[in-house]
Amino acid sequence: MDESIRQCVKSVRWISGSAVVDVQGDVDLSRSSEFQQSLLVVMDQKPERIIVNLAEVPYMDSSGVASLVKLLGRTKRQGVVLRLAALTVRVRSIFEITRLDDVFDIHATVEEALS
Amino acid sequence: MTKPPPDRPIRLRVFSSPTHLAVVRGAVDGLCRSIGFDEDCITRVVMSVDEALTNVIRHAYDGVADQPIEIELDWTKLPDGVRISIRDCGRRVEREHMTPPPRDNLQPGGLGLHIMTECMDRIEYNPAEGGGTVLTMVKRLEQARGRE
């Protein structure tokens with residue numbers, strides 16, 4: 001994993017075919033392309049499920065959300081399950097305001113998303 | 001303890017660098033908090049300013065990072081809210097880009113404007129003197145709107 005990926009994605013944990021992607025820090029225009037690239041690297045490793053853990057993301061802007069929308073399209077085409085977990089208050093707000101909270105499979109915790 | 005709001009408008013000059021966005025978000029958060037906005041309102045104003053700046057960086061300046069952006073946060077002229085103006089010197093916004101896409105057809109590219117129109121009470125784009133665009137956004141306190 002190169003340095004840019006390490007900055008945005010803290011770790012990728014593999015649990016029974018599921019990739020749990022632990023993201024850290026604000027995801028705004030300064031980091032969203034790096035964020036998207038990191039997610040695509042995980043996708044290339046052909047997981048059965050991707051769990052994006054957003055517990056340590058205080059803020060996400062529309063470019064970060066757009067990265068997840070693009071990932072969602074790709075996971076659907078390839079039959080991969082995508083789940084978002086542990087959204088902080090502000091991150092949940094942007095999904096609600098854009099009405100994407102009904103589009104994504106959102107879980108309160110990583111454990112719940114894995115179950 | 002909540003700090004008293006500043007007695008004059010706050011003016012910020014930043015570059016069109018995405019790395020400046022977090023600094024502006026912090027300033028907007030602090031001002032809204034001192035005015036007495038609740039957490040939901042603060043989040044909405046912070047998001048709107050952030051999305052507006054992102055649009056300036058992307059569309060007015062085509063991602064060039066060293067161009068000027070002026071931001072004014074003024075709560076002194078409104079008894080019940082804040083007025084925010086964002087001025088750039090870049091390419092003027094085309095009229096079709098000032099209207100958010102239909103809500104049932106959200107695409108990644110239209111999310112920013114959708115967020116701004118959803119979160120603020122008023123947004124208005126005008127040509128700036130000498131070139132560029134001024135975006136004015138107003139957010140009023142929830143309790144003030146409830147009295148109407």
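A helix crossing counts as left-handed if the near helix is turned anticlockwise from the far one by less than a right angle, and as right-handed if clockwise. Keep that handy for the first exercise; the model is a predicted one.

**Exercise 1. Describe how H2(B) and H3(B) cross, and say which residues meet there.**

Step 1: Start with the geometry. Two packed helices are described by the angle between their axes and the distance between the axes. For helix H2 (residues 39-60) of chain B and helix H3 (residues 111-119) of chain B, the axes come within 9 Å and the crossing is at roughly 145 degrees.

Step 2: H2(B) and H3(B) make a left-handed crossing.

Step 3: List the partners. H2(B) brings B:Arg44, B:Met47, B:Ser48, B:Glu51, B:Ala52 and B:Asn55, and these meet B:Gly112, B:Leu113, B:Ile115, B:Met116, B:Glu118 and B:Cys119 of H3(B). Sorted by class, that contact has 6 nonpolar, 3 polar and 3 charged residues.

**Exercise 2. Find the largest nonpolar core and the residues with the most contacts inside it.**

Step 1: The largest nonpolar core has 68 residues, and A:Leu68, A:Phe95, B:Ile84 and B:Ile86 are those with the most contacts inside it. H2(B) gives the most to this core, with 11 residues. Apart from it there's another core, of 5 residues, including A:Val20 and A:Ile51.

Step 2: Zoom in on B:Ile84. Leaving out residues up to four places away in sequence, B:Ile84 touches B:Val45, B:Val49, B:Ile71, B:Glu72, B:Leu73, B:Met120, B:Leu135, B:Thr136 and B:Met137.

Step 3: Now A:Phe95. Over all chains the count is 1 aromatic pair. Here A:Phe95 pairs edge-to-face with A:Phe104, at 5.4 Å centre to centre and 90 degrees between the planes. Both A:Phe95 and A:Phe104 are buried.

**Exercise 3. Decide for B:Glu70 and B:Thr133: buried or partly exposed?**

Step 1: B:Glu70 sits in strand S2 (residues 68-74) of chain B, while B:Thr133 belongs to strand S5 (residues 133-140) of chain B.

Step 2: Apply the cut-off: buried means under 20% relative accessible area, and exposed means over 50%. B:Glu70 has 34%, so B:Glu70 is partly exposed. B:Thr133 has 4%, so B:Thr133 is buried.

Step 3: Check the surroundings, again skipping neighbours within four places in sequence. B:Glu70 is in contact with B:Leu12, B:Arg13, B:Ser85, B:Ile86 and B:Arg87. Among the residues B:Thr133 touches are B:Ile86, B:Arg87, B:Asp88, B:Tyr125 and B:Ala128.

How values were computed: Residues are numbered from 1 along each chain as its sequence is written. Chains are lettered from A and ligands numbered from 1 in the order in which they are written. This is a predicted model: local features need pLDDT of at least 70, side-chain atom pairs count only at pLDDT 80 or more; totals for chains, interfaces and linings use all residues. Side-chain values use heavy atoms; hydrogens and water are left out. Axes are lines fitted to C-alpha atoms, for helices over the stretch in contact, and angles run from 0 to 180 degrees between N-to-C directions. Helices (H or I, at least four residues) and strands (E, at least two) are DSSP runs, numbered from the N terminus. Contact means heavy atoms within 4.5 Å. Ala, Val, Leu, Ile, Met, Phe, Trp, Tyr, Cys and Pro count as nonpolar, Asp, Glu, Lys and Arg as charged, and the others, Gly among them, as polar. Rings of Phe, Tyr and Trp (its six-membered ring) pair if their centres lie within 6.5 Å; planes under 30 degrees apart count as stacked, over 60 as edge-to-face and the rest as tilted. Buried means under 20% relative accessible area, exposed over 50%, partly exposed in between (1.4 Å probe, protein chains only). A nonpolar core is a set of buried Ala, Val, Leu, Ile, Met, Phe, Trp, Tyr and Cys residues joined through side-chain atoms within 4.5 Å.
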